[in-house]
Amino acid sequence: MTQTTRARRLGHKHSMSGLFVFLLIGAYMVFSLLLVLIGVQAYKGVVDRTDVNSQVRTTVSYVANKVRAADGMVLLKEEQGLTVLTIRDDYDEDAYETRIYFNKDESGQGALYEQVAAADEPFDPDLGELVSRVHAFSMTQNGYLLELSMTTAAGERHWLHLRFRTEKPIFTT
C-alpha cells in the first residue's frame with residue numbers, strides 16, 4: 001500500500017468520526033431543547049393551577065372570615081335582585097353594614113363586591129368595591145348554616161359550609 005492510499009483512508013476515517021461527533025452533539029442539543037420546552041409547559045400548568053387555587057381560597061376565606069368575625073350579626077337578604085350578605089357593626093350610637101354580593105359588570109364578567117355603608121343607607125350595587133373576579137358566586141342560608149359556592153372560569157365548583165354559633169341573626173330588617 002502506498003503512502004497516498006493510506007493517507008486517504010485515514011482521512012476518510014477522521015471525517016466519518018468527526019461527522020459522528022457532530023451528529024451526537026446535534027442530537028444532544030435537540031433533546032435538550034425538547035426537555036426545556038416540556039419543562040416550560042409543565043411549569044406553566046403548575047403556575048396556572050396555583051393561581052386558580054389561590055383565587056378560590058382567598059375569595060372564600062375572605063367571606064368566611066368576615067362571617068366568623070361577626071357571628072350573630074349576619075343576615076342574608078335579597079336586594080335589587082341580588083343576594084346580599086349583610087354584616088352589621090355597631091359603633092357607639094351608629095350602625096354600619098358591610099354588604100357582600102356577587103354581580104356581573106357591563107362586560108358580563110362576574111365579581112364579588114363589598115360595600116360598607118351606614119345601616120340606614122339604601123343598597124346601591126354600583127357603590128361596591130371589587131373584592132375578587134369570579135365566574136359565579138352564590139350564598140344560601142338554611143337556619144344556622146351558611147353555604148358559600150364559587151364557580152371558577154374553568155367550571156370547577158367549590159363549596160364552604162359555615163355554621164353560626166347563634167341560630168338566628170341578632171338583627172333583622
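These are my notebook entries on the aromatic ring pairs in this structure.

**Entry 1: the model.** I am working from a predicted model. I looked up ring pairs and counted 3 aromatic pairs.

**Entry 2: Tyr101 and Tyr113.** I took this pair up next. The ring centres of Tyr101 and Tyr113 lie 5.8 Å apart, and the planes meet at 20°. I log the pair as stacked, because planes under 30 degrees apart count as such. I then checked where the two residues sit. Tyr101 belongs to strand β3, residues 94-104. Tyr113 belongs to strand β4, residues 110-118.

**Entry 3: Tyr101 and Phe123.** What is the geometry of the rings of Tyr101 and Phe123? I find centres 4.9 Å apart and planes at 90°, so this pair is edge-to-face. Phe123 lies in the loop between β4 and β5 (129-133), while Tyr101 is in strand β3. The pair therefore ties together parts 22 residues apart in sequence.

**Entry 4: burial.** Are these residues buried or exposed? I used the cut-off of under 20% relative accessible area for buried. Tyr101 has 0% relative accessibility, so I note it as buried. Phe123 is buried at 5%. Tyr113 is buried too, with a relative accessible area of 13%.

**Entry 5: the cluster.** I put the pairs together. Tyr101, Tyr113 and Phe123 form a cluster linked by ring pairs. Within it, Tyr101 stacks with Tyr113 and meets Phe123 edge-to-face.

How values were computed. Residues are numbered from 1 along each chain as its sequence is written. This is a predicted model: local features need pLDDT of at least 70, side-chain atom pairs count only at pLDDT 80 or more; totals for chains, interfaces and linings use all residues. Side-chain values use heavy atoms; hydrogens and water are left out. Rings of Phe, Tyr and Trp (its six-membered ring) pair if their centres lie within 6.5 Å; planes under 30 degrees apart count as stacked, over 60 as edge-to-face and the rest as tilted. Helices (H or I, at least four residues) and strands (E, at least two) are DSSP runs, numbered from the N terminus. Buried means under 20% relative accessible area, exposed over 50%, partly exposed in between (1.4 Å probe, protein chains only).
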